Amino acid sequence: MPEDAPDDLLGGRIEVGEPDAFDAGSVVRPAADEPERAAEAALRPRRLEEFVGQRVVRDQLSLVLEAAMARGRAPDHVLLSGPPGLGKTTLAMIIAAELGASLRVTSGPAIQHAGDLAAVLSSLDEGEVLFIDEIHRLARPAEELLYVAMEDFRVDVVVGKGAGASAIPLSLPPFTVVGATTRAGLLPAPLRDRFGFTGHLDFYADDELERVLVRSAGLLGVPLDAAAASEIASRSRGTPRIANRLLRRVRDWAQVRGDGRLSLDAARSALAVYEVDERGLDRLDRAVLDALCRRFGGGPVGLTTLAVAVGEEPETVETVAEPFLVREGLVGRTPRGRVALPPAWEHLGLAVPAASDTLFG
Ligand SMILES: Nc1ncnc2c1ncn2[C@@H]1O[C@H](COP(=O)(O)OP(=O)(O)OP(=O)(O)O)[C@@H](O)[C@H]1O
Ligand SMILES: [Mg+2]
């Protein structure tokens, strides 16, 4: 039962508003600033058919939505998980658009008290979609309130304080929760079980990123050569957000130093300026590899120690840099910590130590 006093229910801590304005709170690299976010919003696909790649999740989701619409009911709650920049927020907005429903946006960190969540829930209209970003960061009492609301469409409003307090059950109209998380493993099982559908977004293939780039270049009205699209795609770490960001940097270069055309040459020159290497690794990625190999002799080293060595939060290293480094076979996770795999040494131009060979070769 929420222990918050009733006036907490009126507390203005809920951040409900434009999802694009809300992206500020998600785990993105510190480089993301106001104009970047606006640019990102302009490139977001609005409907499922515009959403590139992720065919499995898209097919599954379209079935869930179509079936619910045919029944005239709110669909099951949806959980979207995966590394940053792969389209979780975009899909949440698409779900509401496909249902023709309005979207309410909040996030785990924005909800400090269970009462904050009760206030949002009790103001929902029938069929609305409630998007909870970074749902793994909800406080425990809010989480518990959410299970009940998701399962029974009911929220207990606490009236009074102390011994005289009582809970008045308030029934809620049917609605759909869309939760997004970069760390599905941190969600407690009871909460995870309340989602009827879980979509896991994975890194995009290069040809999918090329399609993202061609679409974005069209929206931006810039001429993008096929060779440049493929070069940018291959350096985008499997991530549409990064592809779009690099596209804008190449456009800047082409406008200032080139002839406005996004050619292969423009792409290579721009990416050299922004220190994005041929594998798409950026400064943070290289700092992680560098610390692992040069400072810790290839590991194993604990996440926290590694994060301190590169001057970042452990969560940033774990959710932003690591998933791609692991997927690329550069870094391994072992029970004793992170280790550099042979390609990491090679990428830094270092000799692979013999121990690393025997361990992983
Ligand atoms: N499948 C896609 N097709 C086209 N563009 C996409 C796709 N997925 C993502 N994008 C683009 O990438 C950008 C980032 O996507 P989004 O904000 O949805 O990521 P996210 O998974 O919510 O990231 P975070 O975990 O950081 O919140 C969007 O602005 C959108 O333009
Ligand atoms: Mg997001």
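**Exercise 1.** In which sense do strand β1 (residues 78-81) and β6 pair, and over how many bridges?

*Solution.* The structure is a predicted model. Strand β1 pairs with β6 in the parallel sense, and four bridges join the two strands. A pair of residues illustrates this: L80 stands opposite A180 in β6.

**Exercise 2.** Identify the sense of the pairing between strand β3 (residues 129-133) and β6, and find the bridge partner of V129.

*Solution.* Strand β3 and β6 also run in the parallel sense, with four bridges between them. The partner of V129 in β6 is T176.

**Exercise 3.** Explain why strand β6 (residues 176-181) is described as largely enclosed by the rest of the structure.

*Solution.* Next, apply the cut-off: a residue is buried if its relative accessible area is under 20%. Because six of the six residues of β6 are buried, the strand is largely enclosed by the rest of the structure.

**Exercise 4.** Describe the second largest pocket and its lining.

*Solution.* First, state the volume: the second largest pocket holds about 280 Å³ of space. Its lining comprises 16 residues, of which T182, R183, E318, P323 and R333 are the closest to the centre. Second, sort the lining by class: six residues are nonpolar, five are polar and five are charged. Third, locate the contributors. Helix α14 (residues 314-327) provides the largest share, five residues. Domain 1 (12-200) and domain 3 (283-358) each supply at least three residues to the lining.

Notes: Residues numbered from 1 in each chain as written. Chains lettered and ligands numbered in written order. Predicted model: local features only at pLDDT ≥ 70, side-chain atom pairs only at ≥ 80, totals over all residues. Heavy atoms only, no water. 1 Å grid on protein atoms, 1.4 Å probe; cavity = no way out; pocket = protein on both sides within 12 Å on 5 of 7 lines; lining within 4 Å. Points joined across faces, edges and corners; volume = space filled by probe spheres on them. Nonpolar A, V, L, I, M, F, W, Y, C, P; charged D, E, K, R; others polar. Domains from an automatic or database assignment. Buried < 20%, exposed > 50% of the residue type's maximum accessible area, 1.4 Å probe, protein only. Pairing = 2+ DSSP bridges.
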